[in-house]
Amino acid sequence: MNVIQTLGLSKTYGGGTFGSRVDALRGVSIDVGAGEAFGLLGPNGAGKTTLVKILLGLVHPSDGSAMLLGEPAGSPTSRSHVGYMPERREYPDFLTAAQVLELFGRLLGMDKGARSRRIDIVLEEVEMSSWRNHRVGGFSKGMQQRLALAQALLPDPQVLFLDEPTEGIDPLGRVSIRGILRRNLEKGKTLFVNSHMLGEVELLCDRVAILVKGQVRREGPLSSLQAPNPEYRLVLAASDEEARSALAASGDEHEALPAPPGRSAWRLSVNDRSELNAALDRVRQVGIEIEEVQRVRASLEDVFVQTISDASSEDSEAGLPGGARLDQEPDTDAPNMADGPTPTSGAEPTPVSHSKPTPAQTNPEAES
Ligand code: ADP
């Protein structure tokens with residue numbers, strides 16, 4: 001059974017007598033299986049928050065369906081199996097870690113015995129047992145984040161919705177949060193991650209969907225999205241001229257890259273492994289030694305940028321105004337990705353957007 005399933009989900013805001021209509025979601029169909037880590041990406045205004053709000057039962061869809069654990073999203077049964085870690089985590093400074101969790105346990109309607117048992121367990125899980133009686137006001141950002149994760153884990157949920165789980169914390173803090181999330185995945189929990197930190201999503205998620213203007217433009221396992229065409233980086237012990245003529249004879253697409261003195265480096269695009277080997281044979285036939293062959297994997301950032309730019313061009317061709325604008329979205333305040341993966345394309349991981357799902361206590365009727 002899919003843990004999350006949406007089918008043709010649409011949401012139009014406004015449209016009353018004076019309000020203008022906004023199609024926030026336009027026929028979104030996604031499936032998330034049990035035990036999966038699913039990443040939802042998209043530029044600002046793509047509809048990510050709206051999708052999460054619908055799944056949490058805070059916003060009603062205009063059309064289509066959203067199911068969580070086989071129940072309509074927002075039903076009491078589906079809500080009881082969901083944990084939610086909001087992006088904004090502000091707890092009163094004067095409360096201790098245990099008191100914060102006690103408060104949330106009460107809000108969730110947990111009885112005294114369950115509260116005390118689960119509070120011990122979740123504090124242990126987020127490595128904060130020794131801080132249980134310390135006031136939140138003295139906690140670092142990373143500790144506050146771990147407390148928010150403890151809050152999300154309190155009801156022992158099957159599905160965890162995480163909004164920017166590693167936002168604003170240092171590399172060690174991110175490693176710690178990632179470790180806690182991985183342990184939850186090993187226990188079979190499902191993660192739905194909403195993040196603009198592409199490097200983090202790459203490290204954590206199995207599958208991603210890229211939402212642009214309310215539509216899923218790309219969706220699938222990270223490996224399949226990242227490797228549309230095999231590309232290789234070759235370093236040859238030859239001058240650029242020698243290497244160029246050898247590669248030109250192969251007919252494969254190739255592009256010069258910066259190389260150390262006495263070497264020549266190339267990015268080679270081929271259709272498959274046999275084409276790569278044929279190209280390498282030709283290089284060797286003319287007496288050039290091969291120093292390095294490395295598969296170049298497109299980073300998630302490359303895929304993301306390409307997807308948005310494709311969507312923009314399609315809109316321009318169709319004469320639609322205002323394609324998704326890349327120049328609008330980077331958040332320069334976002335932390336860098338010092339411990340994220342090194343994209344093989346050489347680009348820095350890019351923060352892409354913020355989304356702010358409303359906490360579960362928010363009144364669903366607040367939507368316009
Ligand atoms: P994201 O989380 O990807 O930034 P949102 O789901 O917040 O996207 O917004 C998608 C679109 O819906 C945007 O154009 C936004 O302005 C609009 N929108 C979101 N919430 C409301 C609302 N309550 N009333 C009217 N328009 C809204």
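**Helix packing, loops and confidence**

User: How do helix 3 and helix 4 lie relative to each other?

Analyst: In this predicted model, the axes of helix 3 (residues 97-107) and helix 4 come within 10 Å and cross at roughly 130 degrees. Axes are lines fitted to C-alpha atoms, for helices over the stretch in contact, with angles from 0 to 180 degrees between N-to-C directions. Angles under 35 degrees count as roughly parallel, over 145 as roughly antiparallel, 65 to 115 as roughly perpendicular and the rest as oblique. Helix 3 and helix 4 are therefore oblique.

User: How many charged residues are there in the contact of helix 3 with helix 4?

Analyst: Ala 97, Ala 98, Leu 101, Glu 102 and Gly 105 of helix 3 meet Arg 115, Arg 118, Ile 119, Val 122 and Leu 123 of helix 4, where contact means C-beta atoms, placed from the backbone, within 7 Å. Ala, Val, Leu, Ile, Met, Phe, Trp, Tyr, Cys and Pro count as nonpolar, Asp, Glu, Lys and Arg as charged, and the others, Gly among them, as polar. The contact has 6 nonpolar residues and 1 polar one, and its charged residues number 3.

User: At what angle do the axes of helix 3 and helix 5 cross, and how do the residues of their contact divide by class?

Analyst: The axes come within 10 Å and cross at roughly 30 degrees, and that makes helix 3 roughly parallel to helix 5. Ala 97, Val 100, Leu 101 and Phe 104 of helix 3 make the contact with Leu 147, Ala 150 and Gln 151 of helix 5. By class, these residues are 6 nonpolar, 1 polar and no charged.

User: Is Leu 69 buried or exposed?

Analyst: Leu 69 is in the loop between strand 4 (63-68) and strand 5 (71-72), and its phi is positive, about 55 degrees, although the residue is not a glycine. A residue is buried if 20 or more other C-beta atoms lie within 10 Å of its own, exposed if 12 or fewer, and partly exposed in between. Leu 69 has 20 such atoms within 10 Å, so it is buried.

User: How far apart in space are Ile 288 and Ser 239?

Analyst: Ile 288 lies in the loop between helix 10 (273-285) and strand 14 (289-296), and is buried, with 20 other C-beta atoms within 10 Å. Beyond four places in sequence, its contacts include Leu 236, Ala 237 and Ala 238. Ile 288 and Ser 239 are 49 residues apart in sequence, and their C-alpha to C-alpha distance is 9.4 Å.

User: Over which residues does pLDDT stay under 50?

Analyst: Residues are numbered from 1 along each chain as its sequence is written. The chain averages 84, yet the stretch where pLDDT stays under 50 is residues 322-368.

User: How many helices and strands does the chain have?

Analyst: Helices (H or I, at least four residues) and strands (E, at least two) are DSSP runs, numbered from the N terminus. On that basis the chain comes to 11 helices and 14 strands.

How values were computed. This is a predicted model: local features need pLDDT of at least 70, side-chain atom pairs count only at pLDDT 80 or more; totals for chains, interfaces and linings use all residues. pLDDT is the predictor's confidence in each residue, from 0 to 100. Two residues are in contact if their C-beta atoms, placed from the backbone, lie within 7 Å.
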